[in-house]
Amino acid sequence: MENSTKEEYKIQSFDLETQKLLKTALKDPGSVDLEKVSNVIVDQSLKDQIFSREAGRICYTIIQAEAKQTNGNVFRRNILNRLQQEFKAREETRKRSTQEWVCLVSFICNIFDYLKVNNIPMMALVHPVYDCLFRLAQSDALQNEEEVDCLVLQLHRIGDQLEKMNMQLMDELFNLLRDGFLLQEDLSSMGRLLLLEILEFRAGGWTLSETAQKYYYSEVTD
């Protein structure tokens, strides 16, 4: 019950009709148009950064409810199809709006975090997630604090899981980040601090020592 309360809290930002649609989907997915539900969730995720970081939990709840109710996977198929469309258009999205682009990355990573098969992340999402993170690690993106912040946030959340799925790609990604940190002169001081923190975070086995935690987080709040 606590979980469904959390989901209901997250959908307060929608108009009443959409809230009703989502609340029904969470409890009785067989009675609503699940393609419409998936479009509503993706559309909101692309414009609301807070929602994009938590939408995976809502998707997971609907998928579980549908599997229990009808043993179906209509909603999961719809959400992944729509995600694939958005992923293909990611470079145009980035050119059009940095905010929409970082929301897209947050959403894809959040779906990766929540949608598991037998407790293992979906293989089909591993390369798209890495592609997004590699794009955020390019020199033009490292000049943008919003993109660096998004990259670091995702690596905090799913870096460990992602590394287990493909360590070679994680090594390549961190080589890029190390080069960016050491060689790129036009990084902002906050961008540099965030990169240093994530390099140390992975080096410590995806965790920060208490001293490092105090150092980085007092710097960020100052």
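## A buried loop residue

A residue counts as buried when its relative accessible area is under 20%. In this predicted model, Leu187 has a relative accessibility of 9% and therefore counts as buried, although the residue is found in a loop, the one between α11 (167-183) and α12 (189-203).

Leaving out residues up to four places away in sequence, Leu187 touches Leu142, Gly180, Phe181, Arg192 and Leu195. A further spatial relation concerns Asn144, which is 43 residues from Leu187 in sequence, while the C-alpha atoms of the two lie 8.1 Å apart in space.

## Domains and their contact

The chain is divided into domain 1, covering 11-117, and domain 2, covering 130-221. The centres of domain 1 and domain 2, taken over C-alpha atoms, are separated by 26 Å, and 19 residues of domain 1 are in contact with 18 residues of domain 2.

Gln154, which lies in helix α10, has a relative accessible area of 4% and so is buried. When its neighbours within four places in sequence are set aside, Gln154 is in contact with Val105, Ser106, Cys109, Leu133 and Gly159.

## Packing of α5 and α7

Two packed helices are described by the angle between their axes together with the distance between those axes. For helix α5 (residues 74-88) and helix α7 (residues 98-114), the angle is about 145° and the axes are 11 Å apart, with α5 passing α7 in a left-handed crossing.

On the α5 side the contact is made by Ile79, Leu83, Glu86 and Phe87, and on the α7 side by Leu104, Phe107, Ile108 and Ile111. Sorted by class, this contact of α5 with α7 has 7 nonpolar residues, no polar residues and 1 charged residue.

## Salt bridges

The count of salt bridges in the model comes to 14. One of them pairs Glu147 with Arg94, whose closest N and O atoms are 2.8 Å apart; this pair links distant parts of the chain, since Glu147 is in helix α10 (residues 145-165) and Arg94 is in helix α6 (residues 90-96), 53 residues apart. Both Glu147 and Arg94 are buried.

Lys116 and Asp113 form another salt bridge, in which the closest N and O atoms are 3.9 Å apart. Lys116, at 28% relative accessibility, counts as partly exposed, whereas Asp113, with a relative accessible area of 15%, is buried. The side chains of Arg202 and Asp171 also meet in a salt bridge, at 2.6 Å from N to O; because Arg202 lies in helix α12 and Asp171 in helix α11, this pair ties together parts that are 31 residues apart in sequence. Here Arg202 counts as buried at 16% relative accessibility, while Asp171, at 34%, counts as partly exposed. Beyond such pairs, salt bridges that share partners join Glu91, Arg94, Arg135, Asp140 and Glu147 into one network.

Technical notes: Residues are numbered from 1 along each chain as its sequence is written. This is a predicted model: local features need pLDDT of at least 70, side-chain atom pairs count only at pLDDT 80 or more; totals for chains, interfaces and linings use all residues. Side-chain values use heavy atoms; hydrogens and water are left out. Axes are lines fitted to C-alpha atoms, for helices over the stretch in contact, and angles run from 0 to 180 degrees between N-to-C directions. Helices (H or I, at least four residues) and strands (E, at least two) are DSSP runs, numbered from the N terminus. A crossing is left-handed if the near helix is turned anticlockwise from the far one by less than a right angle, and right-handed if clockwise. Contact means heavy atoms within 4.5 Å. Ala, Val, Leu, Ile, Met, Phe, Trp, Tyr, Cys and Pro count as nonpolar, Asp, Glu, Lys and Arg as charged, and the others, Gly among them, as polar. Buried means under 20% relative accessible area, exposed over 50%, partly exposed in between (1.4 Å probe, protein chains only). A salt bridge is a side-chain nitrogen of Lys or Arg within 4 Å of a carboxyl oxygen of Asp or Glu. Domain bounds come from an automatic or database domain assignment.
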